[in-house]
Amino acid sequence: MNAHSSVSNETFDCRVAFSEKLIALAEADPRIVAVCNDSVGSSNLNAFRDRFPDRLINVGIAEQNMVGVAAGLANGGFIPFVCAAGPFLSGRATEQVKADVAYSNYGIVLCAMSPGMAYGELGPTHHSIEDLSWMRAIDNLDVLVPADPEQTKAAMDWAVKSGRPIYMRVGRHKVPSVTPADRDVAFTFGKIDVTGDGSDVALVATGTLVSRALEAQAILAAEGILARVLNVSTIKPIDAETIIKAAKETKGLVVAEEGVLEGGLGAAVSMTLSENHPAKAKFLGVTSFAPTGSNDFLLEHFGLTAKGIADAARKLVG
Amino acid sequence: MTISVWPDNKPLDVAAIRDLPEGERAEQLKLVAKQVRRLVVQMIDIARAGHIGGDLSVTDALVTAAFGVLNISPETADDPGRDRLILSKGHCAAALYSVLALRGFFPVDDLETFMKPLSKLNGHPNRLKVKGVEANTGPLGHGLPIGVGSAVASKLSGKNWQTFVFTGDGELQEGSNWEAAMTAAHRKLDNLVVIVDRNRLQQGARTEDTASLDPLADKWASFGWEVAEIDGNDTAALLKAFTQNRNGKPLAVIANTLKGKGVSFIEDRVEWHHKVPSKEQVELALKELA
Ligand SMILES: Cc1ncc(C[n+]2csc(CCOP(=O)(O)OP(=O)(O)O)c2C)c(N)n1
């Protein structure tokens, strides 16, 4: 991919990548199990269940139980991938995530399926927009947001290798590939991947917003505004060095995420900047309980589009 | 596309049903239930989304409570002493919206906006957008604790309203239900009824193949509840259960139902949790519900 070309129209499914990778990991390592909450279909676990019927623990519709069970499995020597819709995993089982996973320091991968506003018209109860804030607030929990299937798979490799307590978003809707072809690995823990070296503005994005930031970069380039795009796939710990460098080398930053502004990526960037190199910044996110509408409609509604990012960038540098 | 309701455009006087003698009431409730099912199918057809299986299984119980027993009407929607109907299985919003529309809370035509951009009829109900909705449900296992609070408020305030909570059976795997069940029995909330839509299916499989619930009636009884186990698709049986003696306890009605009730090719099939019927299947369904 060229820094100033728009992203490809071809899109890929993170849940398919997730499912294939989980099976591959489980083939190689008998300690890997999946734990879910009546979410075999929605977590794309059908193939895993068929291949490893004994290693899928479906506890029923019971998220607190689900995360507690995962902790018990970890205590017993297993590596649980807990697979549930993001809102219920992060919201309903927050205390289990804190006490049983993070505080207990178990190698558990909490896989938040269909995060952000992926569930569109099912409404705010089914939107996982607070998860990055809630999960970031928990000590000893790494928070990952892979932006495409390649990153999803690489993040899963890292999760098993590291043995860490991890919360990871797994996108529901197909996304363009944002991993530049020249990268050896699609995901490096704790490192922001930077596309371009534009010195006017830094577009800092995560997950679904990364491809939109890349599109904004192309829109701005056509107007002579030079942007760099920061793909933040590790939200916690945050890669302060790359953020500070971007602040030093540009006139300002636009930060965009499919989540609330209180406590998520924007908050992490903001704290990094104010402690190290105060800079102008604009934060884009989900600013209220959403009205009824599809995922695309709602991203548009909150200005979480290439146009929205480009508009914010123009105002910053203008 | 426009929503059609009532054969030959002859609406029933739904407000009058509650005052009919029991036998006649059950018969009229059957007619209303059929209309609700027809509306549900049409809404899901227009929206191309929804939870058809659970909508069709809970319809008879919802209709019997709303039109046959409870004091629920647009006129009393803000009355502090109104009865409370809480749909804990919030994914079945289409059934609830149809009931509320037929009862006159909003125009039936509005059902066409189900899940459309900026519609008040979100995929899960919102009390701030739709009169008659008492709880913003969607995450399972929230309705019963809210219902317990409502039942306590009813006694504390001396206004003595009834609270009916509709849950799924898979939903009972959420521990919050059993926490609330203990509170309700402890506080002898005989003004609280939980209706368990016992269709034996959840999202991905049968309940008994996932995390079994049986013996379900014994569970509620052991928690200190009065229990009635009935045919939950039979309005006469539902009427009887809803008005039975509660012996000073909260009442659990185990409503044995068929998921997808009323449409042969949807009945009792796990894949119809939230599958959307094709245009041909919609036609077939409406024919079966004629
Ligand atoms: C806390 C929570 N976890 C998971 C879900 C996803 N979900 C929606 S409906 C459903 C199945 C519900 O089954 P049941 O209660 O039996 O309802 P019914 O079969 O009558 O539709 C699930 C798992 C949810 N809405 N809330």
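Me: How many nonpolar, polar and charged residues does the lining of the largest cavity have, by class?

Reply: The classes put Ala, Val, Leu, Ile, Met, Phe, Trp, Tyr, Cys and Pro under nonpolar, Asp, Glu, Lys and Arg under charged, and the others, Gly among them, under polar. Here the lining of the largest cavity has 8 nonpolar, 6 polar and 4 charged residues. This is a predicted model, in which local features need pLDDT of at least 70 and side-chain atom pairs pLDDT 80 or more, while totals for chains, interfaces and linings use all residues; side-chain values use heavy atoms, without hydrogens and water. Residues are numbered from 1 along each chain as its sequence is written, and chains are lettered from A and ligands numbered from 1 in the order in which they are written.

Me: What is a cavity, and which residues are the closest to the centre of the largest cavity?

Reply: On a 1 Å grid over the protein atoms alone, a cavity is a set of points where a 1.4 Å probe fits but cannot get out, and lining residues have an atom within 4 Å of a point. Points are joined across faces, edges and corners, and the volume is the space filled by probe spheres set on them. The whole structure has 4 cavities of 30 Å³ or more, and the largest holds about 170 Å³ of space. Of its 18 lining residues, Pro115(A), Gly171(A), Arg172(A), Gly207(A) and Thr208(A) are the closest to the centre.

Me: How is a pair of aromatic rings described?

Reply: By the distance of the centres and the angle of the planes. Rings of Phe, Tyr and Trp (its six-membered ring) pair if their centres lie within 6.5 Å; planes under 30 degrees apart are stacked, over 60 edge-to-face, the rest tilted. Over all chains there are 8 aromatic pairs. Trp178(B) and Phe223(B) have ring centres 5.1 Å apart and planes at 55°, so the pair is tilted. For Trp220(B) and Trp225(B) the centres are 4.8 Å apart and the planes at 65°, so that pair is edge-to-face. Ring pairs link these four residues into a cluster.

Definitions and conventions:
On a 1 Å grid over the protein atoms alone, a cavity is a set of points where a 1.4 Å probe fits but cannot get out, and a pocket is an open set with protein on both sides within 12 Å along at least five of seven lines; lining residues have an atom within 4 Å of a point.
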